[in-house]
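The following note records points for a colleague to consider when examining the model.

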Amino acid sequence: MQVLINIGIVILTIALMELLSWAMHKYLFHGPLWFIHKTHHQQKHGWFEWNDLFSILFASIALWLMWLGHITLDYRFWIGTGISIYGTIYFIFHDWFIHNRFKSFKTKNRYLLKIRRAHKVHHKSMEKDNAKEFGLLVVEKKY
């Protein structure tokens with residue numbers, strides 16, 4: 001039974017990370033933290049951008065939670081695992097597939113292409129305001 005609870009915690013954490021990421025992206029990154037996030041909307045001048053600090057922050061939180069719960073494998077460990085899995089999904093979809101930080105893979109998958117189109121709509125705005133589509137895994141049907 002505990003295995004199912006742990007799997008549930010991981011899945012719930014991944015879902016909540018998508019919601020939290022959407023809200024943070026819309027209200028913080030395109031709000032008071034724009035001075036960091038704007039590097040993601042500008043032309044690239046190198047491999048690292050200041051926006052990557054957000055990923056480092058989330059990875060640190062995940063590792064800290066996993067460390068706190070690693071002896072008894074309590075809920076903190078599984079929440080940290082869920083955050084880490086979401087971070088891996090984010091890296092694969094966002095950095096690799098959408099932004100081609102590495103040689104991108106080709107696909108004809110409709111869902112993946114919808115994610116790519118929605119993100120490109122988001123990046124049409126190079127400014128703090130007037131951006132659309134703040135999510136990663138959940139996008140509107142119109143794309």
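1. Helices here are DSSP runs of class H or I with at least four residues, numbered from the N terminus. The model under discussion is predicted, and the remarks below should be read accordingly.

2. Overall architecture. The secondary structure of the chain consists of five helices and zero strands. Read from the N terminus, the order of elements is α-α-α-α-α. Along the principal axes, the C-alpha atoms occupy a box of roughly 45 × 35 × 30 Å.

3. Burial and surface. The chain has 143 residues, of which 39% are buried. Among contacts with a separation of 6 or more, 50% join residues 24 or more positions apart.

4. The largest pocket. The space in this pocket is about 750 Å³. Its lining comprises 36 residues, and those nearest the centre are Phe54, Ser55, Tyr90, His94 and Asp95. Sorted by class, the lining contains 17 nonpolar, 13 polar and six charged residues.

5. Origin of the pocket lining. Which helices each supply at least two residues of the lining? They are H1 (2–29), H2 (34–41), H3 (52–69) and H4 (75–98). The largest share, eight residues, is that of H4.

6. The largest nonpolar core. This core has 22 residues, and the members that touch the most others are Met17, Ile83, Tyr86, Phe93, Leu136 and Leu137. At least two residues of this core come from each of H1, H3, H4 and helix H5 (110–123). H4 provides the largest share of this core, with seven residues.

7. Helix H1. The buried residues of H1 are Asn6, Val10, Thr13, Ile14, Met17, Glu18, Ser21, Met24, His25 and Phe29. With neighbours within four places in sequence left aside, Met17 is in contact with Phe58, Ile83 and Tyr86.

8. Ile14. This residue is in helix H1. Is Ile14 buried or exposed? Its relative accessibility is 17%, and Ile14 therefore counts as buried, the cut-off being under 20%. Beyond neighbours within four places in sequence, Ile14 is in contact with Gly82, Ile85, Tyr86 and Ile89. The C-alpha atoms of Ile14 and Ser84 are separated by 8.8 Å, while the two residues are 70 residues apart along the chain.

9. Helix H2. H2 is mostly covered, with six of its eight residues buried. The buried residues are Trp34, Ile36, His37, Thr39, His40 and His41. These buried residues of H2 pack against H1, H3, H4 and H5.

10. Met66. Helix H3 contains Met66. Met66 has a relative accessible area of 19% and is therefore classed as buried; the threshold for that class is under 20%. Residues up to four places away in sequence not being counted, Met66 touches Arg76, Phe77, Gly80, Thr81 and Ser84. Between Met66 and Ser84, the C-alpha to C-alpha distance is 9.5 Å, and the sequence separation is 18 residues.

11. Leu73. The loop between H3 and H4 holds Leu73. Its phi is positive, at about 50°, although Leu73 is not a glycine. Leu73 has a relative accessibility of 40% and so counts as partly exposed. A reader checking backbone geometry may wish to look at this position.

12. Val138. What is the accessibility class of Val138? With a relative accessible area of 60%, Val138 is exposed, since that class begins over 50%. Val138 lies in the segment after H5. Val138 and His122 are 16 residues apart in sequence, and their C-alpha atoms are 13 Å apart in space.

How values were computed. Residues are numbered from 1 along each chain as its sequence is written. This is a predicted model: local features need pLDDT of at least 70, side-chain atom pairs count only at pLDDT 80 or more; totals for chains, interfaces and linings use all residues. Side-chain values use heavy atoms; hydrogens and water are left out. On a 1 Å grid over the protein atoms alone, a cavity is a set of points where a 1.4 Å probe fits but cannot get out, and a pocket is an open set with protein on both sides within 12 Å along at least five of seven lines; lining residues have an atom within 4 Å of a point. Grid points are joined across faces, edges and corners, and a volume is the space filled by probe spheres set on the points. Ala, Val, Leu, Ile, Met, Phe, Trp, Tyr, Cys and Pro count as nonpolar, Asp, Glu, Lys and Arg as charged, and the others, Gly among them, as polar. A nonpolar core is a set of buried Ala, Val, Leu, Ile, Met, Phe, Trp, Tyr and Cys residues joined through side-chain atoms within 4.5 Å. Buried means under 20% relative accessible area, exposed over 50%, partly exposed in between (1.4 Å probe, protein chains only). Contact means heavy atoms within 4.5 Å.
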